[in-house]
Amino acid sequence: MTTLLRKAVTVAATPALLFVSFALAQAPLGSAQAQTGSGNQSAKLGDAAQPTPANAGSDVNPASGKPTESAVKIVDPAEVTKELELLKSRIEQLETELKARGTPEPASSVAAGSPAKATDAPPDAAPAGPLQSQSETVSTPPATAPPTVDTVTPFAFADWTWLNGNPRTKDAVWDSKFFTPEIRFDTNFVSSFNHPKDDTLGGSTEIFRSNEIQIEQISFGGDFHWQNVRGRVLTLGGMFGVTTPRNDASAGRGQWDLRGAYKYFAEAYGGYHFNVNHGLNVDAGIFVSYIGLFSYYNFDNWAYQPSYVSSNTPWFFNGLRVQWFPTNKLKIEPWVINGWQSYGRMGGRPGLGGQILYRPTGWMSLVFNNYGMGEDTLGNGDGQFGRSRIHTDDSVEIKYYDHPERTLDKMAFTVTGDLGCEYGGHGSFVSAQGRTINNNVNCHHNTATSSKQTFAGWMLYNRMWFKKDVYAITVGGGAIDNPGRYLALLPPINGADAISGSPYFTQNPGDPYKAWDGSVTFDWMPKQYITFLWEYGYRHANVPYFTGRGGITPGDNINTSTIPNPAAGSVVPGTTFVPGPILSSTPGFTCIAGAGFCPDLRKDEGSIRMAIMVKF
């Protein structure tokens with residue numbers, strides 16, 4: 001279009017004519033600008049028609065050094081006016097022809113160098129101004145707008161899909177102003193090298209059956225949001241629906257079936273968003289816990305079976321939380337909750353805790369979780385031992401390599417450290433092996449009347465991504481030391497759970513327990529919504545803990561199993577215990593089956609894990 005205008009101007013007036021017009025007829029030109037209604041347009045058209053020879057702007061003949069004829073020739077003003085009228089007429093004709101070809105695009109689209117859809121603009125963008133005429137658009141110099149960075153929404157200044165515990169999906173399949181759906185499927189196949197004859201695995205919150213295809217998680221739900229009112233529901237089906245509630249002993253105190261009420265929900269809360277600083281959320285209900293860094297949902301994680309520091313710490317809380325974002329890089333989140341991964345209370349006081357999440361730059365994330373005051377051990381009588389628990393869980397995640405143009409395009413690592421203990425308690429009882437146990441515990445050392453009850457652990461993982469994040473390899477593991485076994489996951493021996501306990505794997509004050517593990521994980525992620533996973537893992541404990549070849553179910557293949565088993569906390573008739581080593585599942589005693597039953601527990605377990613995980 002610029003070329004057409006220039007041709008039109010050249011036909012309408014010669015360079016000499018325009019030169020004389022600007023030299024001798026300023027007043028008539030101003031009148032013409034007023035008539036056209038665009039001073040910028042007239043000036044720019046005049047610039048476009050300027051002569052190009054090097055001496056075009058000179059009044060001196062370069063050959064003779066004398067004034068040129070044009071410099072001394074007097075032009076009739078009437079002729080100038082006539083020529084300007086012809087020029088104006090020609091310009092109007094060209095504009096009419098251009099309008100007939102189609103509606104001009106906004107100047108912003110042309111300036112960007114390519115057509116742009118209206119939907120490409122961010123939803124909070126300012127309304128566009130009135131459309132300019134095509135002639136004005138043509139003269140606008142091209143300009144590339146700098147990429148916009150959201151500095152208001154918390155943590156929106158960077159891409160965090162590389163983090164362990166965060167989903168890697170970047171695009172919502174469907175969304176609306178009121179509801180954002182979420183759907184998850186997780187199906188696995190696990191094969192233990194111990195080959196238990198009852199296909200039952202223990203000591204984990206992720207792998208439960210051997211040599212079978214099992215649906216780990218089926219979840220439907222999403223986020224509701226309208227006029228600052230918010231809510232979230234995510235159902236819980238599959239193995240998670242029974243394996244998570246059995247680790248909560250709070251349902252054993254008082255009445256009403258708390259497990260039945262909540263076991264079908266992974267998350268269920270409602271709340272309100274306040275426009276304070278960068279946001280303030282107040283929510284009440286069941287919400288996920290990120291103590292231990294890994295997400296409750298395996299799709300979000302770098303490994304399928306996380307180390308003990310994650311697997312043995314809470315996956316959910318039931319209570320009240322406040323999320324305050326004083327800046328777009330910091331979250332402060334206090335909790336008032338019923339207890340340590342519990343639907344109800346197990347003592348006389350609620351649990352208090354909180355999280356501080358700080359992400360100063362796009363390659364670093366720091367998270368600090370702390371918990372205290374809650375009484376989280378189910379006791380005798382009214383269920384209260386009077387023990388209190390404190391715990392700190394701290395993680396660092398760093399992305400130390402990021403080259404998306406290369407085959408090895410990204411590398412990152414995580415380090416997590418945990419410390420905790422229980423203190424207080426009163427009374428005593430006699431164990432199934434005939435040993436008198438004092439309920440009093442402390443955070444420091446063993447005494448004649450009190451036992452050391454502590455938790456210390458760490459885990460380290462390193463991940464490498466390949467081919468634009470289509471493939472990934474993760475290597476990692478960790479270790480724990482937990483005398484008293486209060487955070488050791490009870491194996492489901494004869495249907496045992498957190499309420500029943502088990503005489504075959506005791507969790508009494510002072511009982512020794514140390515363990516470590518390692519794993520190698522390979523992920524194939526052809527789309528952001530699906531992961532194909534292969535993993536080898538090895539776990540070791542200093543006492544018999546993992547299911548062996550003989551299984552952990554009495555009468556396997558003879559009688560059907562009773563789940564849940566009311567007698568799970570009792571010794572199967574005919575079983576005896578004799579003095580044995582301290583480093584055993586029943587410290588100081590060894591199980592003798594006789595006519596009864598002893599579980600086959602081993603110190604080691606290697607396994608292959610495969611999974612297909614989907615998230616929409």
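**Group meeting: notes on a predicted model**

The protein chain has an average pLDDT of 80, and 77% of the residues score at least 70; pLDDT is the predictor's confidence in each residue, from 0 to 100. Over residues 102-141 the pLDDT is below 50, and this stretch has 24 contacts in the model beyond near neighbours in sequence. Contact here means heavy atoms within 4.5 Å. Residues 1-73 also stay under 50, with 51 contacts beyond four places in sequence.

Some ground rules. This is a predicted model, where local features need pLDDT of at least 70 and side-chain atom pairs count only at pLDDT 80 or more, while totals for chains, interfaces and linings use all residues. Residues are numbered from 1 along each chain as its sequence is written, and side-chain values use heavy atoms, with hydrogens and water left out.

Now Gly417. Gly417 sits in strand β11, residues 408-424; strands (E, at least two residues) and helices (H or I, at least four) are DSSP runs numbered from the N terminus. Gly417 is partly exposed because its relative accessibility is 28%, and the scale is buried under 20%, exposed over 50%, partly exposed in between, with a 1.4 Å probe and protein chains only. Setting aside residues up to four places away in sequence, Gly417 touches Thr392, Asp393, Asp394, Gly457 and Trp458. Of these, Gly457 is 40 residues away in sequence, yet the C-alpha to C-alpha separation from Gly417 is 5.9 Å.

Next, Ser450, in the loop between β14 (441-442) and β15 (451-452). Is Ser450 buried or exposed? With a relative accessible area of 6%, Ser450 is buried. Its side chain makes a polar contact of 2.8 Å with that of Asn442. A polar contact is a pair of N or O atoms within 3.5 Å; within protein, one must be able to donate a hydrogen and the other to accept it, and residues adjacent in sequence count only if both atoms are side-chain atoms. Beyond four places in sequence, Ser450 is also in contact with Asn440, Val441 and His445, among others.

Last, the loop between β1 (179-192) and β2 (212-226), which holds Asp199. Asp199 is not a glycine, but has a positive phi of about 55°. Asn211 lies in the β1 to β2 loop too, and its phi, near 60°, is likewise positive in a residue other than glycine. Asn211 counts as partly exposed because its relative accessibility is 37%.
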